Amino acid sequence: MKRALSKSVAAGILIAAAVLSLRVASQESRSPVAPRREVVEAVVREAYDKFRNDTNGKNADYIPYLAQVDSKLFGVAIVTTDNQVLTLGDVNYSFSIQSISKVFTLALAMDELGPDKVFQQIGSEPTGRAFNSVLAVVDMPTHTGNPLVNAGAIATTSLISGKDEDEKWNKILTFYGKIAGDKLTLIDEVYKSEAATNAGNKALAMLLAKYDRIYADPFESVDIYTKQCSVGVTAVQLARMGATLANNGKNPATGEQVIQSEDVPHILATMAMAGLYDGSGGWAWHVGLPAKSGVGGGIVAIAPGKGAIAVFAPPLDEAGNSVKAQEVIEYVARKLNYNLYSPSSVGLK
Ligand code: DON
């Protein structure tokens, strides 16, 4: 009788231990402060419906191709660090990544040279001016400003090593593909359209040469930079690129550590300060997430440890940031308590 009792007690303990370890394992795979999927789905749907008919803003037209992209396109994608994917709207349309590429070339430059060298050769100060400002290059002590304005980005591209232009460009494209977990390609019409109209960026590169703040041939650097801006991404691919940053540099879909984890805080800090150019202060105030915009109409925002949201909608505000993308991300971030500067984002009541 005694033996039978102790046997059943032992069996009970074993079952309890198994249940507990299952629970621990399932908790381990997700962040303790990540909201539930159905909550995220409902909030994204609300945001999508609320802003879909907003007609504010205007497509970029200084790159002629972008002026004729359908202004009504609108897609939202979220990828979490445990690789859940949520999508709504035009999420399979491939648009040009534009300035969002600057984030990932910065990651590659740090991978090759280390963060200290990149900080020294480019800097990380907000300019408070338009993304293509010549005055910022003249005025700022570093001239390059930061890696997310055109001048600093062209200088960052110039840091990428390679025996010739093709090798450098292919290295950048392959690196982006690993971050997206997909093969990415150049949208040739966008590249040709920008290459034919980018006298301003060539002028910035030559001005940087005057100050010794560009580290390869200025025109070659502008050409590679123009190609990197013309890479096509869907909202889902862009959200996965963001999720790789949110996941400490490890692509949540492929499991590959693509960006070194120690580089991630430098990248996110730079995005927080300059990701929306002269709109970055207002963005930090209202949203509190590192993000990056592109004149193609995309914005990706990162909730570190949780995931990333990418929105694509071509009409832009005065600073060159997608109007609807800002609205949707602000709405979702507020409802889901993502604001990085709010202690409640890590579960504090
Ligand atoms: O160099 C340019 O002007 C464009 N290829 C990229 C600018 C951009 O995306 C600024 N974004 N908001």
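Let's start inside the fold: leaving out residues up to four places away in sequence, T144 touches Q121, I122, V149, A151, G152, A155, L208 and R213, where touching, or contact, means heavy atoms within 4.5 Å. Before going on, note that this is a predicted model, in which local features need pLDDT of at least 70 and side-chain atom pairs count only at pLDDT 80 or more, while totals for chains, interfaces and linings use all residues. Residues are numbered from 1 along each chain as its sequence is written, and side-chain values use heavy atoms, with hydrogens and water left out.

T144 itself sits in the loop between helix 6 (134-139) and helix 7 (150-158); helices here are DSSP runs of H or I with at least four residues, strands are runs of E with at least two, and both are numbered from the N terminus. With a relative accessible area of 1%, T144 is buried. Buried means under 20% relative accessible area, exposed means over 50%, and partly exposed lies in between, using a 1.4 Å probe and protein chains only. The side chain of T144 reaches the backbone oxygen of I122 at 2.6 Å. That is a polar contact, defined as a pair of N or O atoms within 3.5 Å; within protein, one must be able to donate a hydrogen and the other to accept it, and residues adjacent in sequence count only if both atoms are side-chain atoms.

One of the partners of T144 is A155, so let's follow the chain into helix 7, where A155 is placed. A155 counts as buried at 0% relative accessibility. Leaving aside neighbours within four places in sequence, A155 is in contact with I122, T144, L208, R213, I214 and Y215. A155 also sits 8.3 Å from A216, C-alpha to C-alpha, although 61 residues separate the two in sequence.

Next comes strand 1. Six of the six residues of this strand (residues 75-80) are buried, so strand 1 is largely enclosed by the rest of the structure. Both of its faces are covered: G75, A77 and V79 are buried on one side, and V76, I78 and T80 are buried on the other. Strand 1 pairs in the antiparallel sense with strand 2 (residues 85-89) over five bridges, and two strands count as paired if DSSP finds at least two bridges between them. Here G75 stands opposite G89 in strand 2. The hairpin of strand 1 and strand 2 has four residues between the strands, and N83 takes a positive phi near 65 degrees in it. Strand 1 also pairs with strand 7 (residues 307-312), again in the antiparallel sense, over six bridges, with V76 opposite V311 in strand 7.

Two other asparagines have a positive phi as well. N248, with a phi of about 65 degrees, is found in the loop between helix 12 (235-246) and helix 13 (264-274), and is partly exposed with a relative accessible area of 43%. N337, with a phi of about 60 degrees, lies in the segment after helix 15 (323-335) and counts as partly exposed at 38% relative accessibility.

The buried residues of helix 13 are V264, I267, L268, T270, M271, A272 and A274. They pack against helix 4 (101-113), helix 12, helix 14 (280-286), strand 5 (291-293) and strand 6 (298-303). In helix 11 (residues 218-229) you will find T226, which counts as buried at 0% relative accessibility. The side chain of T226 makes a polar contact with the side chain of N198 at 3.2 Å. Not counting residues up to four places away in sequence, T226 touches Y191, E194, A195 and N198.

E194 leads us to the ligand: of the 14 residues around the ligand, Y62, Q98, S99, E194 and Y225 come nearest, a residue being near if one of its heavy atoms lies within 4 Å. By class, this shell has six nonpolar, seven polar and one charged residues; Ala, Val, Leu, Ile, Met, Phe, Trp, Tyr, Cys and Pro count as nonpolar, Asp, Glu, Lys and Arg as charged, and the others, Gly among them, as polar. A polar side-chain atom of Q98 lies 2.7 Å from a nitrogen atom of the ligand, and one of Y277 lies 3.3 Å from a ligand nitrogen. A polar backbone atom of G320 is 3.0 Å from a nitrogen atom of the ligand. The protein covers 99% of the 340 Å² of accessible area that the ligand has on its own, with areas computed by the Shrake-Rupley method with a 1.4 Å probe; for residues, only the protein chains shown count as cover.
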